[in-house]
Amino acid sequence: MKTLTQLHFDNRFARLGDTFSTQVSPQPLEAPRLVVASEAAMALLDLDPAEAEQALFAELFSGHKIWSTAEPRAMVYSGHQFGSYNPQLGDGRGLLLGEVVNEAGEYWDLHLKGAGKTPYSRMGDGRAVLRSSIREFLASEHLHALGIPSSRALCVTGSDTLVYRERPERGAMLLRLAPSHVRFGHFEFFYYTRQHAELKQLLEHVIAAHFSELLEHPEPFHMFFRTVLERTAALIARWQAYGFCHGVMNTDNMSILGITFDFGPYAFLDDFDARFICNHSDDTGRYSFENQVPIAHWNLAALAQALTPFVEVKVLRETMELFLPLYEAEWLDLMRRRLGFSQAEDGDAELIRRLLQLMQGSAVDYTRFFRELGERPAEQAAQRLREDFIDLQGFDAWAADYCARSAREGGDPVARQARMHAVNPKYILRNYLAQQAIEAAEKGDYAPVRELHAVLSRPFDEQPGMERYAERPPEWGKHLEISCSS
């Protein structure tokens, strides 16, 4: 295990030069203190967990100190925001401190969010507040624990620095990790500014650094796009299967690695509602739960447009046609497993869609339904869950078909329960749980956020004494308004 001073930096993105990013130093927070840290994320850097208790830890991740071999850079990019193109965005409140290489030879970007003004801050102050930093920390680590690809979060540092949003709040910084922070919007920026030589340089860098298996392919740029499309399809399938709503699927928030990225007003479904909108600012429902699939397809088309100087339009269009079949296959496989099926049958997709239609409007808790479905044999579980539905006749017909389908699977009931519990979480990050932890942290009590993080790091496990985190949310907890403000 390493200490903080032993981290090895190799800043490949910084070496691309000033066309791609701007050198900026973080602006320190006043009176920094550690709010919460992830030992699992620290392990990615080979860091000893005891390092989080050192004063240097809070100093480094609040802008007071920096490694001599780090090269803080604010990245430039653009993107489509709510369907409209914004010609220049960039890291307005975040900095790529550098790239750390661990003992396994893996590269991890250290990205400090809330680090102060940059040339891309526009009218903003470059700061992040405690509530948004805690929300991103919890979501990053919880999604990873669920098996959903995500950027990671190493720690949140709080402070006495005042930040003004709808009200005065405490400033905070989040240190997040990812193999890359390059997004769709990077390619759009160089395409729309007609910097095609730089666009090619970016493509070559990204492929060499993150898709090296494509270097020997005769058409590496095309295969890069296809790989991004495949990973994005798999990611969105996992979002939909587990009821995760991102809330702001702008192209500048889409990772070229196919990981969940740039958390804002996200939410997991409480009651199942395909039309659920988690972002209070999304007046048209562009980024509603049911729209995440077509919006991902739309965003991939925007990336494809940016690659047209190097890949034939016909080839890109043919590749785009792969998205929906790939998504459907991945989603169907996940949903089969959530229902306890290890084999495929032709009628499975219809059985799943009938269930979701019955859930719609019945206030059925999405996470608890699947967990409880695996608690007992199929017939007993269906009888127990029946009372949650309004259309009892419809549910009875579905349950009969489900039980017959389960019987055809056969197998040991104990093995079925273990199989289902391995994919159906008991604990999910509900907005009201995050809100309670945030309110305590804003009063200086960090124990609730640390405990919530610990519980959510093992979402599939039975955790005696923590059952309150698996309860149905109170009615007020289903209607919290979350916006992009941070």
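**Helix packing and a buried strand**

In this predicted model, helix α9 (residues 323-338) packs against α10 at an angle of about 70°, and their axes lie 10 Å apart. The two helices are therefore roughly perpendicular to each other. On the α9 side, the contact is made by E328, W331, L332, M335 and R336. On the α10 side, D348, A349, I352, R353 and L356 take part. By class, this contact has six nonpolar, no polar and four charged residues.

Next comes the other partner of α10. The axes of α10 (residues 348-359) and helix α11 (residues 366-373) come within 12 Å and cross at roughly 130°. That angle makes α10 oblique to α11. The crossing is right-handed. Here L355, L356 and M359 in α10 meet Y366, F369 and F370 in α11. This contact has six nonpolar residues, with no polar and no charged ones.

Now turn to the strands. Strand β7 covers residues 107-113, and six of its seven residues are buried, so β7 is largely enclosed by the rest of the structure. Strand β6 (residues 94-101) runs antiparallel to β7, and seven bridges join them. V101 stands opposite Y107 in β7. The pair forms a hairpin with five residues between the strands. In the turn, G105 has a positive phi of about 85°.

β7 also pairs with strand β10 (residues 168-178). These two strands run antiparallel and are joined by five bridges. The bridge partner of D109 in β10 is A178.

Conventions: Residues numbered from 1 in each chain as written. Predicted model: local features only at pLDDT ≥ 70, side-chain atom pairs only at ≥ 80, totals over all residues. Heavy atoms only, no water. Axes fitted to C-alpha atoms, helices over the stretch in contact; angles between N-to-C directions. Helix = DSSP H or I, 4+ residues; strand = E, 2+ residues; numbered from the N terminus. Parallel < 35°, antiparallel > 145°, perpendicular 65-115°, else oblique. Left-handed = near helix turned anticlockwise from the far one by under 90°. Contact = heavy atoms within 4.5 Å. Nonpolar A, V, L, I, M, F, W, Y, C, P; charged D, E, K, R; others polar. Buried < 20%, exposed > 50% of the residue type's maximum accessible area, 1.4 Å probe, protein only. Pairing = 2+ DSSP bridges.
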